[in-house]
Amino acid sequence: MRILIPNYSLPDSFVDNVTFTLKAMGHEVVNMGDISIGKAYSKVVRTTKDLYLKAFPQLSKQEKFILATIKNVKVDVLLSLTQCIDQEVLHACKKQDIITISWWGDTAANMKKQGLFSEYWDFVYIKDAYAANKLKSLGVNAEQLLEAMNPAWHKPSHTQKNNDLVIAGSFYDYRQYITKKLIDNKAVVSLYGPPLPHWAYPK
């Protein structure tokens, strides 16, 4: 099966992990290849691009890549990983009988355009159980599906063991709220990484 993932594949990214796993399962995967990490994560580049697209709406590089790919090769599945795909692009895929799947690994509030509410998605997977149920109630073929570690790559690299509860990842407001609730309920929580943001609870 040929599966199109319309995005760049940064090392150990969502795209990279899913591509690796699908290939290990015997599928052919087409993605946009490598890109500079600095360019991919630059806030200046991202902000400039967002402002430009608001002023001059057009298809993204990823959406143009989809159209170019399905024009030149037979694609069985479009697998979108936390991407908003324009309606006309999804419609073009459906006209070629391509199965369209959205695996949304972010909060549902960060959707743009039609997001997950397009009639052209065959399957929608999202990490938030409440959002999945809400989408189902609106007739969307949605299920909860969490991102996870890749057991082929992510292995213990140390021998230290303890019973600490570790909060891993960006410390945004919702995660801070959950952390505070754990601490208030006397759970032992360990925080690793850079200093907390200035707006974090002082304790």
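## Salt bridges

D184 and K180 both belong to helix 7 (residues 173-184), where they stand four residues apart, about one turn of the helix. An α-helix has 3.6 residues a turn, so residues three or four places apart point the same way. In this predicted model, D184 forms a salt bridge with K180, and the closest N and O atoms are 2.9 Å apart. D184 counts as partly exposed because its relative accessibility of 35% falls between the limits of 20% and 50%. K180 is also assigned to the partly exposed class, with a relative accessible area of 24%.

The structure holds five salt bridges in total. Side chains of opposite charge can pair when their charged atoms come close.

| E28 | R2 | 3.1 Å |

The side chains of E28 and R2 meet in a salt bridge. This pair links distant parts of the chain, since E28 is in strand 2 and R2 is in strand 1, 26 residues apart. E28 is partly exposed at 41% relative accessibility, and R2 is partly exposed at 23%.

D122 lies in the loop between strand 4 and strand 5 (123-126), whereas K94 lies in helix 5, so the pair ties together parts that are 28 residues apart in sequence. D122 has a relative accessibility of 25% and counts as partly exposed. K94 likewise counts as partly exposed, at 25% relative accessibility.

## Overall architecture

The secondary structure of the protein consists of seven helices and eight strands. Taken along the principal axes, the C-alpha atoms fill a box of roughly 55 × 40 × 40 Å. Of the 203 residues in the protein, 32% are buried. Among contacts between residues at least 6 apart in sequence, 51% join residues at least 24 apart.

## Helix 1 and its surroundings

Which strands do the buried residues of helix 1 pack against? These residues pack against strand 1 (2-4), strand 2 (28-30), strand 3 (77-81) and strand 4 (99-104). The buried residues of helix 1, which spans residues 14-24, are F14, V15, D16, N17, V18, T19 and L22. Just after helix 1, G26 adopts a positive phi of about 100°.

With neighbours within four places in sequence left aside, N150 is in contact with N17, F20 and T21. N150 itself is found in the loop between strand 6 (142-144) and strand 7 (165-167).

The axes of helix 4 (residues 61-72) and helix 5 (residues 87-95) come within 10 Å and cross at roughly 20°. Helix 4 and helix 5 are therefore roughly parallel to each other, as angles under 35 degrees are placed in that class. Their crossing is left-handed.

At this contact, E63, I66, L67 and I70 of helix 4 meet V89, A92 and C93 of helix 5. By class, the contact comprises six nonpolar residues, no polar residues and one charged residue.

I70, located in helix 4, is one of the residues that meet helix 5. I70 is buried, with a relative accessibility of 5%. Which residues does I70 touch, not counting residues up to four places away in sequence? I70 touches L4, V75, A92, C93, Q96 and I98. The C-alpha atoms of I70 and A92 are separated by 8.6 Å, while the two residues are 22 residues apart along the chain.

How values were computed: Residues numbered from 1 in each chain as written. Predicted model: local features only at pLDDT ≥ 70, side-chain atom pairs only at ≥ 80, totals over all residues. Heavy atoms only, no water. Buried < 20%, exposed > 50% of the residue type's maximum accessible area, 1.4 Å probe, protein only. Helix = DSSP H or I, 4+ residues; strand = E, 2+ residues; numbered from the N terminus. Contact = heavy atoms within 4.5 Å. Axes fitted to C-alpha atoms, helices over the stretch in contact; angles between N-to-C directions. Parallel < 35°, antiparallel > 145°, perpendicular 65-115°, else oblique. Left-handed = near helix turned anticlockwise from the far one by under 90°. Nonpolar A, V, L, I, M, F, W, Y, C, P; charged D, E, K, R; others polar. Salt bridge = Lys/Arg side-chain N within 4 Å of Asp/Glu carboxyl O.
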